[in-house]
Amino acid sequence: HNFGDYDWYVGDKESTGVAAADNDDSFAVFSAGQPGGKAGMITGKIAVPSDGAPVLTFRTFPLKNDRLGTNANTIEVLIFDGKEWTTARTVAMSSLPNPEEWNKVSIALSEYRGKSIQVEFIGCCMSYPAVLLDRIEILADVASDIAITDLRAPELARMNRPFDIDVDIL
């Protein structure tokens, strides 16, 4: 999608003052010259895992400045299944729990399991000059593949002394 003369670019700590979420010293930045400016960044085709619970995750960094007030910027995430673009989620920077930190955003992709998709991130600068995006991943979420079935620990433990905890995992 073309929204005008704005683009995403590669930023780093030197240019933004923010360290990358994945410690590789680079991340995507969208910056608009005026409120309401938008730009889209589209991936190539990505194979969604056919096993597990596929999920798209990324990190975004909601900037905070008392002078500018609430960060009203957004990232709209769209999925293209080969036929049509569908909005999967719109992330408002003001809704994220940790301003001035990288926040993880997850979007379930179960309906695209085993298919190839494209993802578009549309940054919109409403009140702050930039939207930051890093560590984009599509993977099978395996968090529900294990479970603790039994946990055994002593009723009392002495402070600063080691003790054993036995765990049975399914």
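**Aromatic rings and a charged patch**

Guide: Tyr6, Trp8 and Phe30 form a cluster, linked by ring pairs. Keep in mind that this is a predicted model.

Visitor: How many aromatic pairs are there in the whole structure?
Guide: A search of the whole structure turns up 6 aromatic pairs. One of them is Trp8 with Phe30: the ring centres are 5.8 Å apart and the planes sit at 45°, so the pair is tilted.

Visitor: Where do Trp8 and Phe30 lie?
Guide: Trp8 is in strand β1 (residues 8-11) and Phe30 is in strand β2 (residues 27-31), so their pair ties together parts 22 residues apart in sequence.

Visitor: And is Phe30 buried or exposed?
Guide: Phe30 is buried, at 0% relative accessible area. Trp8 counts as buried too, with 13% relative accessibility.

Visitor: What about Phe27 and Trp102, how are those rings arranged?
Guide: Phe27 and Trp102 make an edge-to-face pair, with 5.5 Å centre to centre and 70° between the planes. Phe27 lies in strand β2 and Trp102 in the loop between β7 (85-92) and β8 (103-108), so this pair ties together parts 75 residues apart in sequence. Phe27 is buried at 4% relative accessible area, and Trp102 is buried at 17%.

Visitor: Switching topic: which residues gather in the patch of negative charge?
Guide: That surface patch is made up of Glu14, Asp22, Asp24 and Asp25.

Visitor: Where's Glu14, and is it buried or exposed?
Guide: Glu14 sits in helix α1 (residues 13-16). Glu14 has a relative accessible area of 78%, so it counts as exposed, the cut-off being over 50%.

Technical notes. Residues numbered from 1 in each chain as written. Predicted model: local features only at pLDDT ≥ 70, side-chain atom pairs only at ≥ 80, totals over all residues. Heavy atoms only, no water. Patch = residues over 30% accessible without salt bridge, like charges linked within 9 Å, V, L, I, M, F, W, Y side chains within 5 Å. Areas by Shrake-Rupley, 256 points an atom, 1.4 Å probe, with all protein chains shown as cover. Salt bridge = Lys/Arg side-chain N within 4 Å of Asp/Glu carboxyl O. Lys, Arg positive; Asp, Glu negative; His and termini not counted. Charge placed at Lys NZ, Arg CZ, Asp CG, Glu CD. Helix = DSSP H or I, 4+ residues; strand = E, 2+ residues; numbered from the N terminus. Buried < 20%, exposed > 50% of the residue type's maximum accessible area, 1.4 Å probe, protein only. Phe/Tyr/Trp six-rings, centres within 6.5 Å; stacked < 30°, edge-to-face > 60°.
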